[in-house]
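Please open the structure in the viewer and keep a selection tool at hand.

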Amino acid sequence: MNAQVWMGILLPFLGTSLGAAMVFVLKDRISDGVQRMLTGFAAGVMVAASFWSLLQPALNGAEGMGRLSFIPAAVGFLVGIGFLLLLDNVTPHMHMDEQTEGPRSSLKRTTKLILAVTLHNIPEGMAVGVVYAGWVAGETGVSQAAAFALALGIALQNFPEGAIVSMPLRAAGMPKGKTFWYGVLSGIVEPIAALVTIAAASAVVSILPYLLAFAAGAMFYVVVEELIPEMSEGEHSNVGTVAFALGFVLMMVLDVALG
């Protein structure tokens, strides 16, 4: 793999790590309003990335099927939803809106929080991997700039996500250094998932449209199941909606301008 691919794979992980580092800068707890704003922004970025960087190339890559060109996008999307639904049910984790409850929170709850965010990072890593595989293969019309736009967009939404991981752990009484490393480790799954996906996609170039849509479905599952409910909780939930719109527009601009 060339340097551009490695940079794209590692960029989202860098975003998570920088977000986790906010534990050294911010107060011990993020306010509910700020957390809703960060979650809404992340959701907006993921929805826009799912369409412009994943579903649209999947449709373009299947143009040779004529009126049936929707099949890879539809099938891959639904399989992606099903995969995350299965993973969500077999993996013991807490949802992101379940906060730890004070300095004596059990290790079990802390572990579940980390598992929740790690679970969310899997489809993001897969998305980056399959887009870069599409660019390298040259089969789906994905450009290098479009692949980089997706990686950059996911890195931007990973920044608040990294903070959302580390800050609740700090509020529960965990030392800052330890919470930072937990945040970093929650993001390490992304480059791993990207590398595995690139290896698999390179071996099955003919089904890249299905894989692109699969990654989109997996990301949509995370948005609908976790991020949207969290950003809409409590009073003044319109903050999350506005942040969602800003994240969506930013990712759309990045993808169109760079693609």
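The model is predicted: local features need pLDDT of at least 70, side-chain atom pairs count only at pLDDT 80 or more, and totals for chains, interfaces and linings use all residues. Residues are numbered from 1 along each chain as its sequence is written, and side-chain values use heavy atoms, with hydrogens and water left out.

**Stop 1: Phe24 and Phe180**

The structure holds 7 aromatic pairs. Rings of Phe, Tyr and Trp (for Trp, the six-membered ring) pair if their centres lie within 6.5 Å; planes under 30 degrees apart count as stacked, over 60 as edge-to-face and the rest as tilted. Select Phe24 and Phe180: their ring centres are 5.6 Å apart and their planes stand at 50°, so this pair is tilted. Phe24 belongs to the loop between α1 (3-20) and α2 (32-61), while Phe180 sits in helix α6 (residues 176-187), so the pair ties together parts that are 156 residues apart in sequence. Helices (H or I, at least four residues) are DSSP runs, numbered from the N terminus.

Are these two residues buried or exposed? Phe24, at 45% relative accessibility, is partly exposed, whereas Phe180, at 16%, is buried. Buried means under 20% relative accessible area, exposed over 50%, and partly exposed in between (1.4 Å probe, protein chains only).

**Stop 2: Trp52 and Phe248**

Next, select Trp52 and Phe248, an edge-to-face aromatic pair with 5.5 Å from centre to centre and 65° between the planes. Trp52 in helix α2 and Phe248 in helix α9 (residues 238-258) are 196 residues apart, and their pair links distant parts of the chain. Trp52 is buried, with a relative accessible area of 19%; Phe248 is partly exposed, at 24%.

**Stop 3: Phe70**

Now select Phe70, which is placed in helix α3 (residues 70-90). Its relative accessibility is 46%, so Phe70 counts as partly exposed.

**Stop 4: helix α8**

Finally, select residues 208-231, which make up helix α8.

Conventions:
Helices (H or I, at least four residues) and strands (E, at least two) are DSSP runs, numbered from the N terminus. The expected span of a helix is 1.5 Å times one less than its number of residues.
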